[in-house]
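Colleague: I would like to go through this model with you and hear what stands behind each label. Please show it first.

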Amino acid sequence: YGARNKKNLDAAKLGSKSYVPAGLTKDQYEKIRSKDSKSKADNYAKNVAKAGKFLDYTEFYINRGTDTSEAWNKDINKGHRMAKTKYDWSGQVEEAKGWFTK
């Protein structure tokens, strides 16, 4: 990551014979193109900032306690990290609440 910053990848300047969509002026179209290229550059910069960051393998196992005992194996999630989900997987049926009251 980061090699894209060394290159000149800006959108080309619009000339007198360049394509401009119907309903837009040349200035409006240039503004839209510059906004899009700025958005791409910002997204790339965000990904560059995240690159190379990882969880250390040994640190994870030491924190979990794998290196000293088998207590983690009796845990409900067997040492895995739990994530929230969009849905309720508990199996309990909850009656939908309407906008009205009974």
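Modeller: Of the 102 residues of the protein, 9% count as buried, where buried means under 20% relative accessible area, exposed over 50% and partly exposed in between, with a 1.4 Å probe and protein chains only. This is a predicted model, in which local features need pLDDT of at least 70 and side-chain atom pairs count only at pLDDT 80 or more, while totals for chains, interfaces and linings use all residues. Residues are numbered from 1 along each chain as its sequence is written, and side-chain values use heavy atoms, with hydrogens and water left out.

Colleague: What makes Y19 and Y29 an aromatic pair, and of which kind?

Modeller: A search of the whole structure finds one aromatic pair. The rings of Y19 and Y29 are 6.4 Å apart, centre to centre, with 90° between the planes. Rings of Phe, Tyr and Trp (its six-membered ring) pair if their centres lie within 6.5 Å; planes under 30 degrees apart count as stacked, over 60 as edge-to-face and the rest as tilted. The pair of Y19 and Y29 is therefore edge-to-face.

Colleague: Why does this pair tie together parts that are 10 residues apart in sequence?

Modeller: Because Y19 lies in the segment before α1 (26-50), and Y29 in helix α1. Helices (H or I, at least four residues) and strands (E, at least two) are DSSP runs, numbered from the N terminus. The protein has two helices and zero strands.

Colleague: Are Y19 and Y29 buried or exposed?

Modeller: Y19 has 59% relative accessibility, so Y19 counts as exposed. Y29 has a relative accessible area of 17%, so Y29 is buried.

Colleague: How do you know that D42 and K38 form a salt bridge?

Modeller: Their closest N and O atoms are 2.8 Å apart. A salt bridge is a side-chain nitrogen of Lys or Arg within 4 Å of a carboxyl oxygen of Asp or Glu, so the label applies to D42 and K38. The structure holds one salt bridge. Both residues lie in helix α1, four residues apart, about one turn of the helix. D42 counts as partly exposed because its relative accessibility is 43%.
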